[in-house]
Amino acid sequence: AKTYLGLKQHPEALVAFDNILAKSESSIRNIALLEKSRLLLVQFRQDPSEDNEIVRSVLMTLKDLQIQKQLPGEPVHLEAALDYAELRISLSPEATRTESALFFLNRVKEDFNSKDDPISQEYHEARLRYPEKDRLFINYMKFIEAEILAWEAKDAISRNDLEKAENSKKVGAALLEEV
């Protein structure tokens, strides 16, 4: 399926992903779901709309992957959460895009840092058993924070608060440097 993607043979890649989804266990299935969702969105990037059935289906798939997070399966769940946020942001009106970006990125951050439900508790307990996945998680959280800071800088510029914008950019750049 990935080879077909690399060759830009999208219909063949979709068939291959469907075959994988029909025959595989959860971790490979989750990767195939994420990749298939991304491929389906490529077809609707020019004019995405929540009214489109495929876009709605992709949103549900990405959200499900985020909700079913398991640390050993990362970065699939983190990537799905970021793709979901990016798609939601792109679907929002230009006038409220910054507000939407801050809302959805903060929701991702809160969801993955939460320890309130059994799935989240298990996720964070697994960080002790999988140090390489823990480092991955920490780097994704830094990346998400840097994205939030970039949107905050954009918001500050729109309000002519250049000091806050510069500070947000500086801290965001430092986080990206760490990643």
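## Surface patch

Phe 143, Leu 176 and Val 179 make up a nonpolar surface patch with about 240 Å² of accessible area together. Patches take residues with over 30% relative accessible area and no salt bridge; like charges are joined within 9 Å, nonpolar side chains (Val, Leu, Ile, Met, Phe, Trp, Tyr) within 5 Å. Areas come from the Shrake-Rupley method with a 1.4 Å probe, and for residues only the protein chains shown count as cover.

Leu 176 sits in helix H9, residues 162-178. Helices are DSSP runs (H or I, at least four residues), numbered from the N terminus. Leu 176 counts as partly exposed because its relative accessibility is 44%; buried means under 20%, exposed over 50%, partly exposed in between. Beyond its neighbours within four places in sequence, Leu 176 is in contact (heavy atoms within 4.5 Å) with Phe 143 and Ala 146. Leu 176 and Asp 155 are 21 residues apart in sequence and 20 Å apart in space, C-alpha to C-alpha.

## Model and conventions

This is a predicted model: local features need pLDDT of at least 70, side-chain atom pairs count only at pLDDT 80 or more, and totals for chains, interfaces and linings use all residues. Residues are numbered from 1 along each chain as its sequence is written, and side-chain values use heavy atoms, leaving out hydrogens and water.

## Nonpolar core

The largest nonpolar core has 41 residues. Such a core is a set of buried Ala, Val, Leu, Ile, Met, Phe, Trp, Tyr and Cys residues joined through side-chain atoms within 4.5 Å. Val 55, Leu 87, Leu 105 and Phe 112 have the most contacts inside the largest core. H2 (10-23), H3 (26-42), H4 (53-67), H5 (76-91), H6 (97-113), H7 (118-129) and H8 (131-158) each supply at least two residues of this core. H5 gives the most, with 10 residues.

Which residues does Leu 105 touch, not counting those up to four places away in sequence? They are Leu 82, Ala 85, Ile 89, Ile 144, Glu 147, Ile 148 and Trp 151.

## Helix H3

H3 has 17 residues, and at 1.5 Å a residue they should span 24 Å. The expected span is 1.5 Å times one less than the number of residues. The end C-alpha atoms of H3 are 24 Å apart, which agrees.

The buried residues of H3 are Asn 30, Ala 32, Leu 34, Glu 35, Lys 36, Ser 37, Leu 39, Leu 40 and Leu 41. Their cover includes helix H1 (2-6), H2, H4 and H5.

## Salt bridges

The structure holds 12 salt bridges. Each is a side-chain nitrogen of Lys or Arg within 4 Å of a carboxyl oxygen of Asp or Glu. Lys 2 and Glu 35 pair at 3.3 Å, N to O. This pair links distant parts of the chain, helix H1 and helix H3, 33 residues apart. Lys 2 is exposed at 53% relative accessibility, whereas Glu 35 is buried at 13%.

Glu 35 also meets Arg 38, at 3.6 Å, N to O. Glu 35 and Arg 38 are about one helical turn apart because 3 residues separate them in helix H3. Arg 38 is partly exposed, at 26%. Lys 2, Glu 35, Arg 38, Glu 79 and Asp 83 are linked in a network of salt bridges.

Lys 69 and Asp 111 form a salt bridge at 3.1 Å, N to O. Lys 69 lies in the loop between H4 and H5 and Asp 111 in helix H6, so the pair ties together parts 42 residues apart in sequence. Lys 69 is buried at 5% relative accessibility; Asp 111 is partly exposed at 23%.

Key. Buried < 20%, exposed > 50% of the residue type's maximum accessible area, 1.4 Å probe, protein only.
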